[in-house]
Amino acid sequence: LHNPDRTGYTSEAVWEGMRALRDAGLCRRLGIAPGPDNGFVLDLISCLERFGELIDWAMLILNPFEPWPVEHALPAVASHDVKVITRVVDHGGVFWDDVRPGHAFPPADHRTFRPPGWVEAANEKLDRLRPIAERHYLTPLQLACAWNLAHEAVACVAPTLLQEPGESARPVEDKRAELAGVVADTPLSPEEVEEIRRVGDNRGSVPLKGASRQYMGVERADQWQMTPELERVAERWGVDPDRDLYCPA
């Protein structure tokens with residue numbers, strides 16, 4: 001279920017329909033992929049509480065420079081025995097090490113919707129992480145994958161394989177070979193995982209989609225107001241909507 005709205009997270013009819021697809025042999029596994037932007041933390045947890053026995057996979061945005069807000073959903077995901085596929089592991093290409101300051105994105109590239117200066121800020125953070133990568137003989141992309149895989153719920157990493165424009169761009173085949181060098185068992189220590197988290201801290205950096213105390217408008221396809229039920233979900237899982245799911249105006 002890709003980019004669900006509030007109905008997709010809450011409707012028994014939707015999830016019984018998903019069950020019917022699996023029972024009919026049209027698929028082997030069922031999953032949910034919140035998006036396209038980040039957020040949906042309480043909506044996802046609530047969906048798992050209601051329909052978790054049907055859900056095998058969740059595809060979530062997670063990388064060392066975007067640990068927030070998905071980190072607040074991971075304990076609930078693991079508790080419901082749902083495996084996580086992480087996307088955007090490369091942070092818009094920065095961890096492939098070929099999106100550097102001054103990079104020219106082609107027209108209509110989805111990364112142009114990121115805030116101004118994000119490439120420069122991410123590269124500054126990446127330079128601070130290079131010693132950790134070198135210590136383990138990892139490329140930046142492999143370091144990002146290792147960091148994701150250090151989280152209990154994460155079973156799969158799926159960075160974007162994209163050949164950037166220009167004659168000097170790295171071939172996709174080269175990137176694919178680099179990804180193939182990722183090992184399932186992360187070499188990072190808990191201390192290194194936490195250090196990377198501190199460097200990449202993005203808390204409050206972008207408005208979150210889904211349910212929010214900050215959103216007071218009419219319900220939209222990707223944004224809606226909090227409900228008493230979701231307030232109880234937050235309390236059960238130790239998520240403070242004002243502290244953990246807050247973006248300054």
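Colleague: What makes helix α6 (residues 140-149) count as largely enclosed by the rest of the structure?

Modeller: Buried means under 20% relative accessible area, exposed means over 50%, and partly exposed lies in between, for a 1.4 Å probe and protein chains only. In helix α6, 10 of the 10 residues are buried, so the helix is largely enclosed by the rest of the structure. The model is predicted: local features need pLDDT of at least 70, side-chain atom pairs count only at pLDDT 80 or more, and totals for chains, interfaces and linings use all residues. Residues are numbered from 1 along each chain as its sequence is written, and side-chain values use heavy atoms, with hydrogens and water left out.

Colleague: Which elements do the buried residues of α6 pack against?

Modeller: They pack against β3 (83-87), α5 (118-135), β4 (154-158), α7 (172-180) and α8 (190-199). The buried residues of α6 include Leu143, Trp147 and Asn148. Helices are DSSP runs of H or I with at least four residues, strands are runs of E with at least two, and both are numbered from the N terminus. Contact means heavy atoms within 4.5 Å.

Colleague: Why is Ser212 called buried?

Modeller: Ser212 has 11% relative accessibility, and therefore counts as buried under the limit of 20%. Ser212 lies in strand β5 (residues 210-212). Leaving out residues up to four places away in sequence, Ser212 touches Trp224, Gln225 and Met226. The side chain of Ser212 also reaches the backbone nitrogen of Gln214 at 2.9 Å.

Colleague: How many aromatic pairs does a search of the whole structure find?

Modeller: The search finds six. Rings of Phe, Tyr and Trp (its six-membered ring) pair if their centres lie within 6.5 Å; planes under 30 degrees apart count as stacked, over 60 as edge-to-face and the rest as tilted. Tyr9 and Phe40 form a stacked pair, with 6.0 Å from centre to centre and 25° between the planes. This pair links distant parts of the chain, 31 residues apart: Tyr9 is in helix α1 (residues 6-10), and Phe40 is in the loop between β1 (31-32) and α3 (41-51). Tyr9 and Phe40 are both buried.

Colleague: How do you know that the pair of Trp15 and Phe51 is stacked?

Modeller: The ring centres of Trp15 and Phe51 are 5.9 Å apart and the planes stand at 20°, so the pair is stacked. Trp15 lies in helix α2 (residues 12-23) and Phe51 in helix α3, so the pair ties together parts 36 residues apart in sequence. Trp15 and Phe51 are both buried.

Colleague: What makes Arg114 a charge over the ring of Trp118?

Modeller: A charge sits over a ring if NZ of Lys or CZ of Arg is within 6 Å of the ring centre and within 35 degrees of the ring normal. The charged end of Arg114 sits over the ring of Trp118, 4.8 Å from its centre. Likewise, the charged end of Lys125 sits over the ring of Phe65, at 5.7 Å from the ring centre.

Colleague: How many helices and strands does the chain have, and why is the chain called as compact as a globular protein of that length?

Modeller: The chain has 10 helices and six strands. Its radius of gyration is 19 Å, close to the 18 Å that the globule rule gives for 249 residues, so the chain is as compact as a globular protein of that length. The radius is taken over C-alpha atoms, and the rule is 2.2 Å times the number of residues to the power 0.38. Of the 249 residues, 49% count as buried.

Definitions and conventions:
Polar contact = N/O pair within 3.5 Å; in protein donor to acceptor, adjacent residues only side chain to side chain.
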